[in-house]
Amino acid sequence: MYLNVPTNEAYKLLNAGPVIILSTSDMEEHLNLTPISWHSPVDFDPVTKILLVTDIKNKAFFNILETGKFVICIPHATQVKLVKDLGSCSGFKENKLEKFQVEYALSEKCQFAVPNGTIAYIECKKLRVIEEDAVAIIIGEVIFAKAIKGSYRDRLISEKEAGKTLHHLGKDIFFQPGDLVE
Ligand SMILES: Cc1cc2nc3c(=O)[nH]c(=O)nc-3n(C[C@H](O)[C@H](O)[C@H](O)COP(=O)(O)O)c2cc1C
């Protein structure tokens with residue numbers, strides 16, 4: 001027995017990948033952080049390619065067009081407040097790193113902000129942008145990636161505390177991954 005799911009909510013049935021914090025900068029080196037739920041790997045050989053879906057009004061989108069670079073930070077489940085804060089306003093209007101007193105280090109290649117405590121980060125260069133009404137699909141190629149000790153060994157160790165990513169179910173509802181299925 002199946003219930004109808006409204007067509008404008010169907011995405012919620014798929015939307016269980018980890019929330020990422022998209023770290024970007026404009027040409028004046030104003031760093032910015034933007035939570036994004038809609039993303040996917042698109043290839044891995046010879047290097048990983050990733051797509052992101054972003055509103056064209058986002059400062060993150062503007063920054064990626066300007067610099068051609070972005071860093072995907074993977075927050076830990078305990079960073080849910082930071083994710084909500086960063087999603088509550090735009091880098092066009094405020095310096096979110098100062099406003100929310102974000103402690104961060106700089107990523108190795110791009111020198112963009114990586115909030116302390118994030119599980120991993122993936123540095124990318126922009127390959128392609130496809131605009132679709134009010135949103136854009138950005139495809140990037142990975143140039144460098146790092147994961148915190150204990151969170152990754154051939155795969156994300158999501159059954160252990162260090163690998164507990166944050167997942168968004170819509171509105172104010174989030175979860176973290178549970179145990180492995182044998
Ligand atoms: C959990 C969460 C997931 C989000 N996912 C997306 C997304 O996939 N794409 C998008 O364009 N905005 C998404 N947003 C909204 C942006 O983060 C929000 O509009 C933000 O203020 C844009 O910031 P910016 O203008 O500084 O880039 C999400 C927000 C939250 C809290």
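Strands β3 and β4 run antiparallel and are joined by 4 bridges. S40 has L51 in β4 as its bridge partner. Helices (H or I, at least four residues) and strands (E, at least two) are DSSP runs, numbered from the N terminus. The model is predicted: local features need pLDDT of at least 70, side-chain atom pairs count only at pLDDT 80 or more, and totals for chains, interfaces and linings use all residues. Residue numbers start from 1 along each chain as its sequence is written.

**Strands β1 and β2**

- The antiparallel pairing of β1 and β2 covers 6 bridges.
- Within this pair, L22 stands opposite T34, and I20 stands opposite I36.
- The two strands form a hairpin with 5 residues between them, and E29 in the turn has a positive phi of about 65 degrees.
- β1 is mostly covered, with 6 of its 6 residues buried; a residue is buried if 20 or more other C-beta atoms lie within 10 Å of its own, exposed if 12 or fewer, and partly exposed in between, with C-beta atoms placed from the backbone.
- I20, L22 and T24 point one way from β1, while I21, S23 and S25 point the other way, and all are buried.
- β2 is also mostly covered, with 6 of its 6 residues buried.
- L31, L33 and P35 point one way from β2, and N32, T34 and I36 the other way; all are buried.
- β1 pairs with β5 as well, in the antiparallel sense over 3 bridges, and here L22 stands opposite I72.

**Helix α1**

- The buried residues in α1 are K59, A60, F61, N63 and I64.
- These buried residues pack against β1, β2, β4, β5, β8 and β9.

**The largest nonpolar core**

- This core has 32 residues, of which I20, L22, V71, I72, C73 and Y121 touch the most other members; a nonpolar core is a set of buried Ala, Val, Leu, Ile, Met, Phe, Trp, Tyr and Cys residues joined through C-beta atoms within 7 Å.
- Two or more residues each come from β1 (20-25), β2, β4, α1, β5 (69-74), α2, β7 (113-115) and β8 (120-132).
- β5 gives the largest share of this core, 5 residues.

**Y121 and K146**

- Leaving aside neighbours within four places in sequence, Y121 is in contact with V71, I72, C73, I74, S107, V114, A145 and K146; two residues are in contact if their C-beta atoms, placed from the backbone, lie within 7 Å.
- K146 lies in strand β9 (residues 135-147).
- K146 counts as partly exposed because it has 13 C-beta neighbours inside 10 Å.
- With neighbours within four places in sequence again left aside, K146 is in contact with A120 and Y121.
- K146 and Y121 are 25 residues apart along the chain, and their C-alpha atoms are separated by 5.5 Å.

**Around the ligand**

- The shell around the ligand has 21 residues, of which W38, N58, G87, S90 and G91 come nearest; a residue is near a molecule or strand if its C-beta atom, placed from the backbone, lies within 6 Å of it.
- The elements giving two or more residues to this shell are β2 (31-36), β4 (49-55), α1 (59-67) and α2 (80-86).
- β2 gives the most to the shell, with 4 residues.
- The shell divides into 9 nonpolar, 9 polar and 3 charged residues; Ala, Val, Leu, Ile, Met, Phe, Trp, Tyr, Cys and Pro count as nonpolar, Asp, Glu, Lys and Arg as charged, and the others, Gly among them, as polar.

Technical notes. Two strands pair if DSSP finds at least two bridges between them.
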